[in-house]
Structures are given as C-alpha cells and as structure tokens.
Amino acid sequence: MIISNISSMKYSKEFNFYGYGYKTRTRIDKCAQMCIHTTASVLKTEENVMPERLGLITVTKFGCTASRKSYLDQLNSLPDKRFASPKDFVQSISNIPNSMATIENNIMGFTNNFIGGSESTLIALWQVVYLLKNNIADKMVLTAFDNDICASLKVEKQTDSEKKLEIVEFDLQEKFSLKINLVDEMKFKNQVEVNVQKNSLAPDLILKLESILKENTR
Amino acid sequence: MVKSKNWCVTGFSMCTVAGTENDFDLNQTVGCTSSQKSDWTTCVDQSSIEKFYDCIEKTIFRALDMAKLKVGSKYRVSLIVASNFFENSFLEKDSEHSDYIVPKLKSRFKINGLVISNSTACASGASAIVTACQILDEKISDVCIVVGYDIESEIPKNGMRRLGALSKDRISPFSMNRTGTDLADGIGVLIMENFSTIERKDAKIYSQIVGYGVNNDAYNPTSPNPSGAALLNGLKNAIKMANISIEEVGYINAHGSGTKLNDLIETNVIKKNFKDHAYKLFINSSKSIIGHTLGAAGIVEIIITIMQMNIRTIHPTANFSGYDSICDLNYNFQKSAVLDTMYAISNSIGFGGTNISIVLKKGDVT
C-alpha cells in the first residue's frame, strides 16, 4: 500500500550555527546545532500543521560525542566533580538534539530517539510511516546525526503535490531494505530497492536516498 | 488513530534495589511470591559491565520462564532496549565497553527479529513499550522482549544534582516538603505478544496494553512545560486509543519524581483531564519506594502497575512530608489500599520533553 511520500530532504556538514546568524547565549553541541538546522530546513515551507500533529524521530549511533567527552574528562579530572559543566551533562544525553529541534521548530507531536546506525534509520523510517498510516501524526520529520554530518527528511501522507519518493514497502527482517517509487513530473514511476548497510552511520540511509533521487531526476 | 489492539504482557521481571529510605517493602505491597522476592531484591551489580550484563540476562530469563517461552523457539522475537545514561556510565570507567550489552543479548537470546535501542531519557522505557506495540501491530514480530536498564553512576547523579533535580534528604513525591528525586539502579523486562497470536496453552495474560499517547513539550530540554499541555495531550490520546471513558480508569501510577514542578504539573494535568473523577482516582509514585531508575523507570513502573492490578492492592506513596494544598488528590500516602480496577495508567516524563501515557487493562490472572 502506498501511503507516504518523502517530500523534502536536507543535509548539513560542518554547519556553523552561530555563523548562521542565530543568537543564543548558551553553547550548543555541534550535533544539536546540525539537528536543529536540518530539521528546520525540511520544515521551511511548512504550512498550517498543528504542532501536536507534527512529530520528530531522531537517530544517532554515537550521540553528541564532543559534549560526552568533555563531561567525562571533567568528571575524571576535576578534584570536585560538582564543578563539571551541567551544559555538557545535558548535551551528553543522546535525545537532547531531538529536544532542541522540537523547541526551535515547535514540534509537539510524537517524538522518539533511536540509537544505532543506518539500520536504525530504516526502522525509524518504518515508524514514521506507521504513525502517518495510523493517523497518530500528520507530518513527520526523521533526522539522523553522527559526528560531523546530519540529514533530515520529511514524510507526509500522500498528496498530489511535490511527489518525490513514494515509500512502497519495508523489509525489516530478512534483507533490511526499502522499496521506493521514484516519481517524476510526468508521474512516471520507477521502483528502486535500497539495501541498508549495517554498521554504517545513522545519516547514511538518508544521504543514499538523496543521491538516488538526484541521479534519477538529473 | 490506532484502534486498541490488546498488546498482551505474558511475562515480566525486574531487578531493583531500594534507592531510597522508606517505611515500606515494595515486594510485600505488590504481592511478590517468595521466589520473586529473593530474585528481585538481588542488587544490581554495577561493579563491572560483565556482572551488570549477567543481571540483565538473568532478569530476561526469569521473564521468559514466566511467559513459558524458550530461547530459540519457533517465534520471531524482537529485542527492544531502553537505556538512558548507561553507555556513558561505563565509558566513565572504561572506554572500551561501549556497545557491549545489546550485541551480547542479541546472540544469547537468538533474536531473529529486530534489535532496537530507544533512548528518550527517563521516558526511554515507555518509548520502548510503544515501539514494541507498533512492531506487534504490524506483525513484524510474534514476541517482543522489552528491556530497560540503567545504573546510578556519577554521570546522572552529578549532573542531576547540578540541575537541582535530586532530593536534599529523601524523595517525597506530592508532599509539601519535596525537594527532588532519588536515583536507583534498575532493570525491567516485559514479554509482549499479540493477543491473536498467543498459541501456547500454558501462557497467561497478566495485562493488556490498550492505549498509548506520546507528545512533546517543545519547551525546555530539562524542565517541563508548566502548562503540562503535552502530558495532557498524551493522556487524552492514550484514553482515546483505549476507547474507554475516564470513569473507567481507577488508578494512575504517576511519574511522581518528587520534584516541585513535576508533581505539581502532573497533578494539574490529572485534574484537567479527569475533572471530578480525579478525586476518586488512586494515585501513587513507585519512585517513592524504589527511587528513580532512569531509562528503566517506564518498564519497572509498568510491571509494578500490572502486579498491583492483579492483586487488587495499591502500594502507598512513601515518605510523606507535609500536605501540599495544590497536590490535593488521593496519593495513597502512608498506607496500601484495596482497589479492583479494570484500567490503570502509567505516566512517564523525560528530559527532552517526551511525555508518555500508557493505558493498561487487567489481565486474566487473579
């Protein structure tokens, strides 16, 4: 059953939150910066979605490594651990980039955070489709971040406008693959199977989808 | 909206050590058998990751025994893991030990379905249960082993103290003089199956999950929205999915973390949602007895809720320290209560703003 289409995809690499003109008084981990930015990028043209019906699922294999390392270093080196930075503590928690992206983009619907690589991104994409299919959300953003790269895609119930990739089916058990329909302006459909490599970084699946899309719309 | 599908709990087990001083024995008040009591009060061993893994493995085996399931059976089994600070906690001691537990559990329990790790801070356990419901709903797996674990280490202890979330003396949820939460080690395991696919004649259904609601505060990474809008929406969505009236709910296992703001918001949300019926509800906080088990809390508290429903007894909220005129609902302070209810709700609220409510229906075990 074809019910969902990916309508927008963006990725960031080495994104500088502060250089972007964003004013904030507190330090934000690079992963969280990119998560906020790419999530905002796919929602840029969003129109009239109730915040309670807009959801965000994030996936990460390593989390905010810089904050985690900084906090652990402080715990191991400071004579009094109470002086370790609470900002580093908070941002060492793996779902905090998800939280910051929900705050900045006013996302108040279903949220979840998976730990794992590309295969977790595929499971997250399956959950996104489940939520839309079962009317738990109207639009969902899936954002995957790791190290210096972050990628987001927006999935919504099928409409006639702006069709890019239609999700056809998931094979989560045997092959870990995703079947999608590529749709061009002439409504010509061409089915592609995307196999997911285990142990790759979380954003890899989204980047692969984007490269397939670029190749086929060239 | 998903129609209630009756996702069944056919086995459960947990391993906690009382993280807080209190006057009550949890095992007595929730009706543990003597063997469960000796198993469940075995301290979580956090001296090494190998010993901690052994605790998790034993807890899963006990839950599988209860569900009359064997490792490597004909069923397609998925493993859904919930943890919050755990990986960081062992990194604190030994950086080689990241990503140790999940791959080991996968091979030990011959997982032939999905392996998923959820982490939504203190709501991780509830997130994992919701994910398991969805996997069962789509018939991706026949059985889901839902495991939550976390330990009280320097990372959460130090970090949460700096944020003012830890109690100055002891956790006293919903009391006037509450000052914060107490952390504790915890492991919780649920075995979940679809009602329609349980074939084993000797399997018992201890409870059914009939609804859930998940909403985000979008307010602050570590502070809940004072309006409680997300928790209220989650609660409404869970009851709507369960397709029951508010009057049918008799008991709420509150998040009840013992922080000033959290208990106040939860109370106000219950009043808003249940109106007059709020004053007839039985409410308690399991954290007042066992402490806050972080990523495992959602699962451990669901287990406690199931046990209480089955023995028709609601455990007390421990450590009462003064009447709060705003938190004026029936929190069951200081004594157990007898209650026969068909439906109960468990709330989970996590750092990052995730609010989850889960509706449970009493099983066929009494």
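Guide: Contact here means heavy atoms within 4.5 Å. By that criterion, 50 residues of chain B are in contact with 46 residues of chain A. This is a predicted model, in which local features need pLDDT of at least 70 and side-chain atom pairs count only at pLDDT 80 or more, while totals for chains, interfaces and linings use all residues. Residues are numbered from 1 along each chain as its sequence is written, chains are lettered from A and ligands numbered from 1 in the order in which they are written, and side-chain values use heavy atoms, with hydrogens and water left out.

Visitor: What is the area buried between chain B and chain A?

Guide: Buried area is the accessible area (1.4 Å probe) that two parts lose on being put together, summed over both. For chain B and chain A the value is about 3900 Å², and carbon and sulfur atoms give 57% of that area. Within chain B, the residues that lose the most area to chain A are Q134(B), R162(B) and N216(B), together 14% of what that side buries.

Visitor: What makes the pair K133(A) and E138(B) a salt bridge?

Guide: The term requires a side-chain nitrogen of Lys or Arg within 4 Å of a carboxyl oxygen of Asp or Glu. In K133(A) and E138(B) the closest N and O atoms are 3.0 Å apart, so the pair meets the definition. The count between the two chains, B and A, is two salt bridges.

Visitor: Which element of chain B gives the largest share of the side that touches chain A?

Guide: Elements are DSSP runs numbered from the N terminus: helices (H or I) have at least four residues and strands (E) at least two. The largest share, eight residues, comes from α7(B). By class, that side of chain B has 22 nonpolar, 19 polar and nine charged residues.

Visitor: Why are β3 of chain A and β3(B) called paired?

Guide: Two strands pair if DSSP finds at least two bridges between them. Strand β3 (residues 111–115) of chain A and β3(B) are joined by two bridges, in the antiparallel sense, and therefore qualify. I115(A) has S117(B) as its bridge partner in β3(B).

Visitor: Why is I93(A) called buried?

Guide: Buried means under 20% relative accessible area, exposed over 50%, and partly exposed in between (1.4 Å probe, protein chains only). I93(A) has 2% relative accessibility and therefore counts as buried. I93(A) lies in the loop between α3 (86–91) and α4 (96–105) of chain A. Leaving aside neighbours within four places in sequence, I93(A) is in contact with N84(B), F85(B), A121(B) and F351(B).

Visitor: How do you know that strand β11 of chain B is largely enclosed by the rest of the structure?

Guide: Seven of the seven residues of β11 (residues 343–349) of chain B are buried, so the strand is largely enclosed by the rest of the structure. Y343(B), I345(B), N347(B) and I349(B) point one way from β11(B), whereas A344(B), S346(B) and S348(B) point the other way. In a regular strand the side chains alternate between the two faces of the sheet.

Visitor: Which strands pair with β11(B), and in what sense?

Guide: Strand β7 (residues 249–253) of chain B runs parallel to β11(B) and is joined to β11(B) by four bridges. Strand β12 (residues 354–362) of chain B pairs with β11(B) in the antiparallel sense over seven bridges. In β12(B), S357(B) is the bridge partner of N347(B).

Visitor: Is H277(B) buried or exposed?

Guide: H277(B) has a relative accessible area of 11% and is therefore buried. H277(B) is found in the loop between α9 (260–274) and β8 (282–284) of chain B. Not counting residues up to four places away in sequence, H277(B) touches I246(B), E247(B) and V249(B).

Terms used
Nonpolar A, V, L, I, M, F, W, Y, C, P; charged D, E, K, R; others polar.
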